[in-house]
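Biologist: Could you walk me through this model and tell me what stands behind each term you use?

Modeller: Gladly; have a look at it first.

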Amino acid sequence: MPPAQEARDEGSGRSTSGGRPRDASLDQAIILATRERLVRDGYSRMTIGDIVADAGVSRPTLYRRWRTKFDLVVDALDYGFRRQAALHTADLDQMTPREAFAEAVRRLDPTYFNPDAMILMGNFAGEANRTPELLEILRRYAVEPRVELIETTLARLQKRDAVHGCVDRHTVATLCFGSYFASFYRGDTKAGLAERVTALIWPAIAK
């Protein structure tokens, strides 16, 4: 079930269509405007007025589709999650063990698909006290699929007898994921980061 539907089922209200066919181009214009406002203003500061102005639609047009700002933001997030879903799977069995691990580390990068992902994640972390549901959605649909790719890759490499069986997959995945945030906050270039992380960690986990 997509996060938008889950969030509405949990009590935030159900979006409506107003009894008429929805214009997909208007939906997308509103979603894209919402995603841009999330980056520029964050959840608390963004307003429906700004979104409809940016999208070039009226308030009734938006409210026929989404009852609340929360519903709209959840669907805007879902739009990104669905587009990124292919990044969370990879045919790594055709690679050498080290190449497979390095590719999984590379796909951990939050900005692999969306260059604004670090800012979005920071905005939602800042909303943790006011709107914790947003951080939970982000954690479930943007963070966990990425780190699970590392954990799954390590498990497969253990079965191939390429990685020590005692390796703590959860901790390795967390360390690799954290490297992107550390690099961002320190102002380092992320160019070659996946290879540098692999060069450091691989000798410690490989058989």
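Modeller: Let's start with Glu127, which sits in the loop between helix H7 (117-126) and helix H8 (132-159); helices (H or I, at least four residues) and strands (E, at least two) are DSSP runs, numbered from the N terminus. This is a predicted model, so local features need pLDDT of at least 70 and side-chain atom pairs count only at pLDDT 80 or more, while totals for chains, interfaces and linings use all residues. Residues are numbered from 1 along each chain as its sequence is written, and side-chain values use heavy atoms, with hydrogens and water left out.

Biologist: Why is Glu127 called buried?

Modeller: Its relative accessible area is 4%, and buried means under 20% (exposed is over 50%, partly exposed in between, with a 1.4 Å probe and protein chains only). Glu127 therefore counts as buried.

Biologist: And which residues is Glu127 in contact with, leaving aside its neighbours within four places in sequence?

Modeller: Those are Tyr43, Ser44 and Pro132, where contact means heavy atoms within 4.5 Å.

Biologist: What makes H2 roughly perpendicular to H5?

Modeller: The axes of helix H2 (residues 24-45) and helix H5 (residues 69-84) cross at roughly 105 degrees and come within 9 Å. Axes are lines fitted to C-alpha atoms, for helices over the stretch in contact, and angles run from 0 to 180 degrees between N-to-C directions. Under 35 degrees counts as roughly parallel, over 145 as roughly antiparallel, 65 to 115 as roughly perpendicular and the rest as oblique, so H2 is roughly perpendicular to H5. Residues making the contact include Ile31 and Leu38 of H2 and Phe70 and Leu77 of H5.

Biologist: How do you know that the span of H9 is close to the expected one?

Modeller: H9 has 18 residues and reaches 26 Å from its first C-alpha to its last, against an expected 26 Å; the expected span is 1.5 Å times one less than the number of residues. The buried residues of H9, among them Phe177 and Tyr180, pack against H6, H7, H8 and H10.

Biologist: Where does the kink in H10 lie?

Modeller: At Ala199, shortly before the proline Pro203, with a bend of about 30 degrees; the bend is the angle between axes fitted to the seven residues ending there and the seven starting there. Buried residues of H10 include Val197 and Trp202.

Biologist: How many helices and strands does the protein have?

Modeller: It has 10 helices and zero strands, and buried residues make up 49% of its 207 residues.
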